Amino acid sequence: MNERRTIDPTEARRVLEERARAAGFDLVGVTSAEPLREGGERLREWQESGMAADMGYMHRPVELLANPKKLQKSARSVVSLGVSYYPGDHPENTDGGGRVARYAWGRDYHVVIKERLYGLREELERELGCRIKARAFTDAVPLLERSAAQHAGLGFFGRNSCLINGDIGSYFFIADLIVDLELPPDEHGTGTCGRCSRCMDRCPTGAIKAPGVVDARLCISYLTIENRGEIPRKLRPLVGDWAFGCDVCQEVCPYNKTKATRSRWPEFSSEAGTGPYLDIVEVLEIRMDEEFERRFAATPLTRPGRDGLLRNCCVAAGNLKLRRAAEALRRCMREDESALVRGHAAWALGEIGGSEEELRGAARTERDSWCLEEIRQALNGGNETGAEGASVG
Ligand code: B12
Ligand code: SF4
Ligand code: SF4
């Protein structure tokens with residue numbers, strides 16, 4: 001193995017670029033392991049305004065989230081990598097499915113990317129002939145990955161807060177290798193939204209409060225993935241048919257309309273995982289956690305847990321006025337062990353209509369006070385928010 005001082009940083013950077021591209025990464029950049037000051041400031045404001053909702057890991061100290069050296073003491077550089085997950089666009093929702101955000105159509109990216117990151121580190125060690133101390137991760141440790149990636153030149157911050165790359169748009173994951181190698185840093189990413197504000201205008205819930213600032217409490221992605229509680233009643237109609245995540249602020253982005261590049265990784269294709277839509281009735285029939293884990297094993301859809309995914313499917317069914325889901329929803333309301341699921345099923349039945357007798361029956365046996373209120377509201381028209389959904393099924 002080589003002595004570190006004999007490794008030429010420029011040569012190491014060249015090898016990194018070559019091996020990362022060969023491993024299938026679309027974007028490669030490097031920044032120093034110094035604290036991410038502007039990102040840290042923005043994070044502090046975001047936390048203080050309550051926009052981090054109840055995501056415990058996003059309430060960690062700014063000094064930790066904005067400092068790669070807190071993750072690895074010996075860190076010298078952060079290698080930031082981008083990989084397109086773009087699997088194409090959603091076909092029309094003619095069958096009343098629960099819509100899944102594109103990043104989750106295939107296999108669980110955490111596992112898939114991490115394997116390739118470790119492979120990349122091994123190749124670097126072999127080519128450079130030295131041991132490299134590295135932390136490899138994607139979306140899994142406390143670091144402001146978008147900020148690090150912008151520093152490493154992968155792109156610029158769009159008004160939707162996503163990192164946009166001028167050549168491939170924003171449908172890409174960010175992955176990181178924090179290394180103890182000295183590598184020449186790249187220029188910070190630049191670019192601009194110009195006069196466009198489509199994402200802010202079109203976000204269904206008005207979650208983009210200012211350019212680059214997303215209030216997670218309103219974001220459908222948070223509400224359907226990270227949120228462990230109810231989807232607030234007034235937001236339910238705005239969730240539409242999204243059952244897992246949301247892509248609206250990326251779909252409307254002109255960069256994605258013209259630049260989105262299909263993923264070259266077969267693991268992210270629709271065939272590799274759940275695909276663009278969930279069969280809502282099938283999901284509503286899952287009663288046991290074990291069955292849920294088996295059904296969605298190795299996909300990102302395990303994240304909200306069984307209760308969360310059934311909750312989401314209830315809301316999508318209600319918004320779609322999905323009559324053929326009524327029987328499954330009634331079973332959820334009567335039999336499901338989770339009050340979260342029973343209450344959202346009652347809401348959906350109120351939206352679909354025609355289940356008043358069953359709702360009255362449930363009101364006689366239900367013991368959970370929140371569920372009872374949901375049933376009462378469903379019987380009182382269930383439509384206090386006044387939103388209409390498309391009629392399918
Ligand atoms: C928490 C989280 C969420 C939360 C909060 C999102 C948010 N916007 O904060 C929720 C659950 C809502 C979410 C949703 C999504 N997420 Co998310 N999420 C994260 C996570 C774990 C942390 C993000 C964070 O730090 N938020 C705090 C705020 C303050 O930071 P920020 O939004 O990144 O904003 C930065 C800018 O403001 C920036 N900044 C600095 N200087 C400047 C200057 C200007 C002018 C501007 C405008 C900004 C700016 O500093 C801030 C800090 O980095 C990251 C992974 C990670 N560890 O970083 C993934 C991550 C951001 N998510 C990702 C994805 C794919 C998504 C979704 C697209 C999934 C989906 N389809 O449903 C949506 C997109 C929603 C959206 N518009 O952001 C990717 C984004 C990749 C990319 N190209 O940008 C990441 C990086 C995961 C990964 N490793 O690939 N997510
Ligand atoms: S992901 Fe959806 S809800 Fe969240 S900010 Fe983007 S458009 Fe709005
Ligand atoms: S939709 Fe427009 S404003 Fe929003 S991120 Fe894309 S270019 Fe920027």
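This is a predicted model: local features need pLDDT of at least 70, side-chain atom pairs count only at pLDDT 80 or more; totals for chains, interfaces and linings use all residues.

**Entry 1: E230**

I began with E230, which counts as partly exposed because its relative accessibility is 33%; on this scale buried means under 20% relative accessible area, exposed over 50%, and partly exposed in between, with a 1.4 Å probe and protein chains only. Residues are numbered from 1 along each chain as its sequence is written, chains are lettered from A and ligands numbered from 1 in the order in which they are written, and side-chain values use heavy atoms, with hydrogens and water left out.

I found E230 in the loop between α7 (220-226) and α8 (236-239). Helices (H or I, at least four residues) and strands (E, at least two) are DSSP runs, numbered from the N terminus.

Which residues does E230 contact, leaving aside its neighbours within four places in sequence? I noted R236, L340, H344, W370 and E374, where contact means heavy atoms within 4.5 Å. With R236, the side chain of E230 makes a side-chain to side-chain polar contact at 2.8 Å. A polar contact is a pair of N or O atoms within 3.5 Å; within protein, one must be able to donate a hydrogen and the other to accept it, and residues adjacent in sequence count only if both atoms are side-chain atoms. I also looked up N312: it is 82 residues from E230 along the chain, with 9.5 Å between their C-alpha atoms.

Next I went to T138, in the loop between β4 (134-137) and α5 (145-151). T138 counts as buried because its relative accessibility is 4%. A polar atom of its side chain lies 2.7 Å from the backbone oxygen of I174. Leaving aside neighbours within four places in sequence, the contacts of T138 include Y109, H110, I113 and A175.

D139 is not a glycine, yet its phi is positive, about 55°.

I placed S161 in the loop between β5 (156-157) and β6 (163-164), and its relative accessible area of 9% makes it buried.

N165 sits in the loop between β6 and β7 (172-179) and is buried, at 9% relative accessibility. Its side chain reaches two backbone nitrogens: that of D167 at 2.7 Å and that of I168 at 3.1 Å. Not counting residues up to four places away in sequence, N165 touches L27, L154, G155 and F172.

**Entry 2: the two domains**

Last, I checked the domain assignment: domain 1 is 4-91 + 105-179 and domain 2 is 279-379, with bounds from an automatic or database assignment. Their centres, taken over C-alpha atoms, are 38 Å apart. Five residues from domain 1 and four residues from domain 2 make the contact.

How many residue pairs are in polar contact between domain 1 and domain 2? I noted one, with both residues at pLDDT 80 or more.
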